[in-house]
Amino acid sequence: MRSDPILVSASLSGETLWGKEKQVQTDSTFPFDGRDLAGVSPDEAAADRRNSNRYRTVCRVARVRRANDAGLWRVRNISDEGLMLAAGVSMDVGERLEIALSEAVVVEGEIVWTEQGCCGVAFLEPIDAATTLRMLAEEQRQEGYRALRLPIEVQAIVTLRDNARPIDLTDISQSGAGFRYDAPIEPGTELELVLPGSEVRRNALVRWSRGSRGGLWFTQPLDRGDLESLVRYQ
């Protein structure tokens with residue numbers, strides 16, 4: 001049975017957002033380059049480093065929900081007070097985000113700066129970044145771990161035995177998608193999926209099927225950039 005997500009929310013404080021570098025063994029760690037998080041002056045960055053531990057992760061994807069959109073954005077680094085996200089979409093200072101680092105770990109924050117496809121997010125409540133990173137690493141090692149999925153309700157096109165027909169997608173990730181179809185499709189069936197309003201297409205296998213519902217596995221994962229914003233497919 002899936003437990004409820006860990007959700008962090010409260011009001012934004014005026015405390016230092018990010019601070020002193022401290023590396024933790026995660027998927028990948030690199031030295032802080034002095035510019036990653038804040039887009040602030042050297043004096044401000046130095047003050048940040050004196051007041052908070054900073055953790056750097058470059059191999060994690062988060063599901064980001066906004067007022068009218070959702071997508072998969074890259075987490076560049078994370079600390080107790082905030083994180084840096086990267087995505088090729090428009091971002092606005094003051095925008096509130098819900099950020100799922102996994103299905104079980106969800107935080108809320110506010111964008112406090114934007115620059116060249118990146119933004120700094122201040123958590124509405126501080127977290128324990130070291131513990132969170134260890135928890136996320138442990139989740140990934142568990143059997144049955146699944147990549148983050150985006151809920152979606154769009155009609156795509158599926159080519160099955162040289163016959164192109166519409167198919168309803170119910171969720172999507174880089175590695176697969178859930179669907180509804182007007183007839184059962186046998187598990188193991190090969191097909192081609194074309195996402196609406198785009199040239200994004202993937203060969204896929206039906207992993208499971210029950211009645212009109214089923215799941216697809218992409219033989220080649222989608223690029224994360226293809227899923228930065230679901231609005232493009234609606």
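This is a predicted model: local features need pLDDT of at least 70, side-chain atom pairs count only at pLDDT 80 or more; totals for chains, interfaces and linings use all residues.
Local features need pLDDT of at least 70 and side-chain atom pairs pLDDT 80 or more, while totals for chains, interfaces and linings use all residues. Residues are numbered from 1 along each chain as its sequence is written, and side-chain values use heavy atoms, with hydrogens and water left out.

Me: Why is C119 called buried?
Reply: Buried means under 20% relative accessible area, exposed over 50%, and partly exposed in between, with a 1.4 Å probe and protein chains only. C119 has 0% relative accessibility and therefore counts as buried. C118, at 11%, also counts as buried.

Me: What makes β9 and β10 a pair?
Reply: Two strands pair if DSSP finds at least two bridges between them; strands are DSSP runs of E, at least two residues, numbered from the N terminus. β9 (residues 150-160) and β10 share nine bridges in the antiparallel sense, so they qualify as a pair. Q155 has D168 in β10 as its bridge partner. The closed barrel of six strands runs β9-β10-β11-β14-β13-β12.

Me: How is the lining of the second largest pocket divided by class?
Reply: Seven residues are nonpolar, seven polar and five charged. Asp, Glu, Lys and Arg count as charged, Ala, Val, Leu, Ile, Met, Phe, Trp, Tyr, Cys and Pro as nonpolar, and the others, Gly among them, as polar.

Key: Helices (H or I, at least four residues) and strands (E, at least two) are DSSP runs, numbered from the N terminus.
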